[in-house]
Amino acid sequence: MEEVKKIVSDIKKGAIKPIYFLMGEEPYYIDRISEYIDTNVLAEEEKGFNQMVLYGRDVTVEDIVSNAKRYPMMAERQVVIVKEAQDLSRTIEKLATYAENPQPTTVLVICYKYKKIDKRKKLYKTIAKSGIIFESKKLYENQVADWIKKVLAGAKYAIDPKASQMLVEFLGTDLGKISNELDKLKLILPKGSQITPDHIEQNIGISKDFNNFELRKAIGSRNVLKAYRIINYFSQNPKDNPLVVTISLLYSFFSQVLQYHGLSDKSPRGVASALKINPYFVKDYTEAAHNFPMKKVSSIINLLRDADVKSKGVGAVSLSQGDILKELLVKVFA
């Protein structure tokens, strides 16, 4: 986020580079930077003649260079944005010749999503000298809740840890989807509000009581009745609660509980740091470790592997998702 802020800040100050090569696995920041340049570099009346959007699947590198070498009309500069440039991955190195001597009155923005260019090759080294190379890295799941907190703090909102965890478990690590849902909440709630699980349930449609976070917590606390209620709800709403996601999250949880057992420092701060979790959730891991000894946790991890295989139809063709989950819980609580 800091690198993105610096790029935007420099553009605001007028320190605009001739090439912005935006690449990486996470498309969210690539889109945000290109959108900012699209909206802010040229005045509205200049855009008609001096701003164009090209798509990688429709053009060649030679086409891009040809457009980039044009002179602006009645404006200080022109903007050329190339979206889906990853479609040019086989020929993108040809851009190196232009990057050696880029047109100073052109702002060329290359949106190279889900991939990155080789840092050892000429294109990377040349652009690094004449322009900006930004790599948008995918966040790990345990980093997304903190990202949500920071994004909301920047907009003068706060969020309950459980509410952010609900978003992560429902939407995964797709920052674009999460951002869209946060935008909806910001339209509804006044600045200064704290987003709660109730807000998530009422406005996004994620149940605050019947979700993977609550299932994980119920199993960890050996709340058998609550765990069965949740999986019954999952059985009735399989499209909203895919079995593969549930198993994956439970596997991650018990892998961390296993790690917890091996920690020498079991202080809240030590656990949060070692497991890379929000300190708010440390008590859930402490309780699960108390209820499930290390040997049992290892057994549960194996049970989850078996359930994952069955969820893919191996050795359990006739079992529904609900049946697989019920069978899993019986063995976990045995």
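Trainee: Which residue lies over the face of Tyr 280?

Mentor: Please keep in mind that this is a predicted model. A charge sits over a ring if NZ of Lys or CZ of Arg is within 6 Å of the ring centre and within 35 degrees of the ring normal. At 4.1 Å from the ring centre of Tyr 280, the residue over its face is Lys 283.

Trainee: How are the rings of Phe 210 and Tyr 233 arranged?

Mentor: A pair of aromatic rings is described by the distance of the centres and the angle of the planes. For Phe 210 and Tyr 233 the centres are 4.8 Å apart and the planes are at 25 degrees. Planes under 30 degrees apart count as stacked, so Phe 210 and Tyr 233 are stacked.

Trainee: How many residues apart are Phe 210 and Tyr 233?

Mentor: Phe 210 is in the loop between helix H10 (197-204) and helix H11 (212-220). Tyr 233 belongs to helix H12 (residues 224-236). The pair thus links distant parts of the chain, and its members are 23 residues apart.

Trainee: Is Phe 213 buried or exposed?

Mentor: Phe 213 forms an edge-to-face aromatic pair with Phe 281, at 5.4 Å centre to centre and 70 degrees between the planes. Buried means under 20% relative accessible area. The relative accessible area of Phe 213 is 2%, and therefore Phe 213 is buried.

Trainee: Which residues have the most contacts inside the largest nonpolar core?

Mentor: In soluble globular proteins, nonpolar side chains tend to be buried together. The largest nonpolar core here has 43 residues. A second, separate core of 38 residues includes Ala 218, Leu 250, Leu 275 and Val 332. Inside the largest core, the residues with the most contacts are Ile 37, Ile 148, Leu 167 and Ile 200.

Trainee: Which element gives the most to the lining of the largest pocket?

Mentor: The largest pocket has a volume of about 480 Å³ and is lined by 19 residues, with Met 1, Tyr 28, Tyr 29, Arg 32 and Val 151 nearest its centre. The elements giving two or more residues to this lining are helix H1 (2-12), helix H2 (27-40), helix H7 (141-154) and helix H9 (175-188). With six residues, the element that gives the most is H2.

Trainee: Over the face of which residue does Arg 32 lie?

Mentor: Arg 32 is one of the residues nearest the centre of the largest pocket, as is Tyr 28. At 4.7 Å from the ring centre, Arg 32 lies over the face of Tyr 28.

Methods:
Residues numbered from 1 in each chain as written. Predicted model: local features only at pLDDT ≥ 70, side-chain atom pairs only at ≥ 80, totals over all residues. Heavy atoms only, no water. Phe/Tyr/Trp six-rings, centres within 6.5 Å; stacked < 30°, edge-to-face > 60°. Helix = DSSP H or I, 4+ residues; strand = E, 2+ residues; numbered from the N terminus. Buried < 20%, exposed > 50% of the residue type's maximum accessible area, 1.4 Å probe, protein only. Core = buried A, V, L, I, M, F, W, Y, C linked by side-chain atoms within 4.5 Å. 1 Å grid on protein atoms, 1.4 Å probe; cavity = no way out; pocket = protein on both sides within 12 Å on 5 of 7 lines; lining within 4 Å. Points joined across faces, edges and corners; volume = space filled by probe spheres on them.
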